[in-house]
Amino acid sequence: MIASTLSVVVTTYNRAILLEQCLLRLLDHQTVTPDEVLVIDDGSTDDTPEMLLELSEKHPVLRVVRQANSGRAVARNTGIREARGDILCYVDSDVLVVPGFVAGHRAVHASPRGELVFAQGFTRNVPEVQAIDWGRVPSFDPSRAFFDTKNVSVRREALSSLGGFDTGFVEYGWEDLEMGIRLKQIGYRMRRARDAFGFHIQPPFSVESLPRLRRIEEERGRMAARFLAKHPTLDVRLMTQDTPVHRLLNALVTLGGRVDEHVVAPHLERLVRAGHIELAAQLAQLVLNQYNLRELRRAQAEHPARAT
């Protein structure tokens, strides 16, 4: 069996502090060194370029490609084009990985049987870097996500043969799962890389974040319409909540849209002050989901041929 080279591809935008910690975990703390760590800087305007220059001078395995801000799909396609490895391992710049991360991904692709597989690693959300307990890494991830580019690897030739990520996904959400659907259509299947664990830094919920979270849900809804136009299957309908059951449940939860973020904000604030931050976040998501579904239906009505 011919040995394969592995490039870790990290796409980033304005996350200098977290990105540096992400890269140090990949460069200095792995049991198996990656052949390359490739950072695609998607037009950052913070201290990212300077930090990357300093880090690359100390670590020859680190390469940086800088481009004008173009979005996630374009940045990942730059990774396909520029990476030197046979296997591409995508990691988000706000994910900090365990020492066995690279080895875990390599192990999945080392099968001598020539299986068509992509390796999905596990992640767990934590509110800050200081909350990570490196001595207690979970062995199970309840998420059913497949081809989540926070922590996934696949042979570069597979991505190239499919034309890369769909750059029509110009807002937040779904472009990686859509690639996963296409990989499955050509015979690839997911295998879990159980040793390739990462901690995803997600700041705790606050009432002040409601406008930003609403915008994300609206973007997800618009991009879900594109996803469905390309793959109008039951699986994708369930993923994007494009079913009568989901719409009915949301209408019940929000009293037909009368309960919005403005109505619920004072109640969420009381929960946060009482220390029930996770409960507040879950209730906020239930309310904000209506904007996801609303934008999905509006985009479907306005752009019935969005997949083109």
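**Close-up 1. The side chains of Q241 and N289 are joined by a polar contact of 2.8 Å.** A polar contact is a pair of N or O atoms within 3.5 Å, where within protein one must be able to donate a hydrogen and the other to accept it, and where residues adjacent in sequence count only if both atoms are side-chain atoms. This is a predicted model, in which local features need pLDDT of at least 70 and side-chain atom pairs count only at pLDDT 80 or more, while totals for chains, interfaces and linings use all residues. Residues are numbered from 1 along each chain as its sequence is written, and side-chain values use heavy atoms, with hydrogens and water left out. Q241 sits in the loop between α8 (234–240) and α9 (244–253), helices being DSSP runs (H or I, at least four residues) numbered from the N terminus. Not counting residues up to four places away in sequence, Q241 touches H246, N289, N292 and L293, where contact means heavy atoms within 4.5 Å.

**Close-up 2. R182 lies in helix α6 (residues 175–185).** This residue, R182, counts as buried at 12% relative accessibility, and its side chain reaches the backbone oxygen of L162 at 2.8 Å. When neighbours within four places in sequence are left aside, the contacts of R182 are L162, G164, F165, D166, K230 and H231.

**Close-up 3. Residues of α1 meet residues of α2.** On the α1 side are A16, L19, E20, L23, L24 and L27, and on the α2 side are T48, M51, L52 and L55.

Technical notes: Helices (H or I, at least four residues) and strands (E, at least two) are DSSP runs, numbered from the N terminus. Buried means under 20% relative accessible area, exposed over 50%, partly exposed in between (1.4 Å probe, protein chains only).
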